[in-house]
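Hi,

Here's the model I promised to send over. Have a look at it first, then read on for my notes.

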Amino acid sequence: MISKQSKPNLSHSQVSELMKRLYGLSVSVIRPLPSYDDQNFHLCPGEGREYVLKVMNSTDSHNTSVVELQNHAMNFLHQRGLPAQTALPTLTGQLMSAEQLDCGFGMQTYVVRLLTFLPGSTIARITCSPQILYDVGKMAATLDTVLLQMEHPNISVLQRENFIWNLSNVPLLNEYIHVMNTDPVQKVVKAVIEQYQIQVMPKLPLFRKCINHGDFNDHNLLVIPDGTSKYKISGILDFGDMSSGYFIFELAITIMYMMIENPNPVDVGGPVVAGWESIFPLNEAERDSLYLLVLCRFCQSLVLARHSVIQQPENEEYLMTTARTGVRHLSHLWELGKEEVERIWFQSAAQFIQP
């Protein structure tokens with residue numbers, strides 16, 4: 001987990017100096033962008049050019065081989081027509097630079113990358129029609145199937161065995177669940193973790209493996225208007241949670257995050273599943289585990305957000321964005337139960353006709 005001391009806190013003058021030294025660019029406009037545990041800036045050097053500067057936290061900055069894989073994957077997807085950001089080279093041709101900087105906690109190493117700026121608004125800012133939810137499901141499945149073709153000599157570094165956000169590691173939440181001691185939803189979280197161990201873990205060998213983006217959420221997907229009332233996906237952001245996993249994990253993560261801002265959250269699953277299965281039909285074990293895996297992602301989000309707020313109280317507003325509504329959604333899904341939620345999702349998916 002990321003501590004307060006690990007999260008970067010660069011000043012605008014430090015950003016300007018980095019841009020000049022590493023990329024030969026003078027920046028006229030620097031706007032901070034929200035981030036869970038890194039620091040991001042929207043930069044405008046003038047002449048209509050725009051970039052995103054990503055400064056990684058000092059903990060993750062020690063694992064440059066994972067960052068190298070992220071850069072490789074983003075470029076791989078971009079070359080195959082998916083709207084992924086790509087890393088831009090420094091003056092010396094490097095796609096990242098490990099910088100010794102003082103952000104108020106002494107000199108630490110932070111990996112710095114300059115990324116392409118993609119147009120659009122986050123999906124969190126629009127009202128999601130069934131059409132865009134279908135497209136999101138289709139895009140998530142497309143991304144994972146394309147990444148199956150990716151080769152890299154260090155691809156094994158994506159086997160992030162104790163990575164807390166991987167759905168393989170749901171039982172690790174028990175180490176952090178004490179942060180919810182005063183919250184009545186803690187009982188549901190404990191029950192979901194127990195059900196994961198009983199119902200899902202025995203099925204893991206039946207799930208099809210892939211590389212997951214791992215954070216296909218409503219703030220990491222950009223859309224632009226496409227006609228009068230439609231939108232199309234214009235950007236896929238933040239590959240920081242990439243890891244080896246399973247196709248069904250990506251679908252569960254996608255459904256969970258598309259529910260967050262939706263006025264009818266339970267209805268989200270149908271069109272997302274329909275879009276997903278237009279690319280990658282589920283097998284029986286995957287289909288049977290989807291409901292619990294969506295609940296597991298809600299549990300990860302709730303528990304780890306509370307833990308992060310203790311570490312970074314000044315970033316509470318952003319850290320709790322998903323968790324605030326997540327408590328309500330998790331409780332509602334648990335009350336409805338597996339059978340009813342599956343009926344809603346799979347009947348809707350079967351009847352869904354792409355607009």
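Predicted model: local features only at pLDDT ≥ 70, side-chain atom pairs only at ≥ 80, totals over all residues.

Residues are numbered from 1 along each chain as its sequence is written, and side-chain values use heavy atoms, with hydrogens and water left out.

Helix 4 covers residues 186-200 (helices are DSSP runs of H or I, at least four residues; strands are E, at least two; both numbered from the N terminus). Its buried residues are Gln-186, Val-188, Val-189, Val-192, Ile-193, Tyr-196 and Val-200 (buried is under 20% relative accessible area, 1.4 Å probe, protein chains only).

On to the rings: the whole structure has seven aromatic pairs (Phe, Tyr or Trp ring centres within 6.5 Å, with Trp's six-membered ring used; planes under 30 degrees apart are stacked, over 60 edge-to-face, the rest tilted). Phe-207 and Tyr-246 are edge-to-face, because their planes are at 75 degrees, with centres 5.7 Å apart. Phe-207 is in the loop between helix 4 and strand 8, Tyr-246 in strand 11, 39 residues apart. Phe-247 and Phe-280 are stacked, 3.8 Å centre to centre with 15 degrees between planes, and both are buried.

Cheers

How values were computed:
Expected span 1.5 Å × (residues − 1). Buried < 20%, exposed > 50% of the residue type's maximum accessible area, 1.4 Å probe, protein only.
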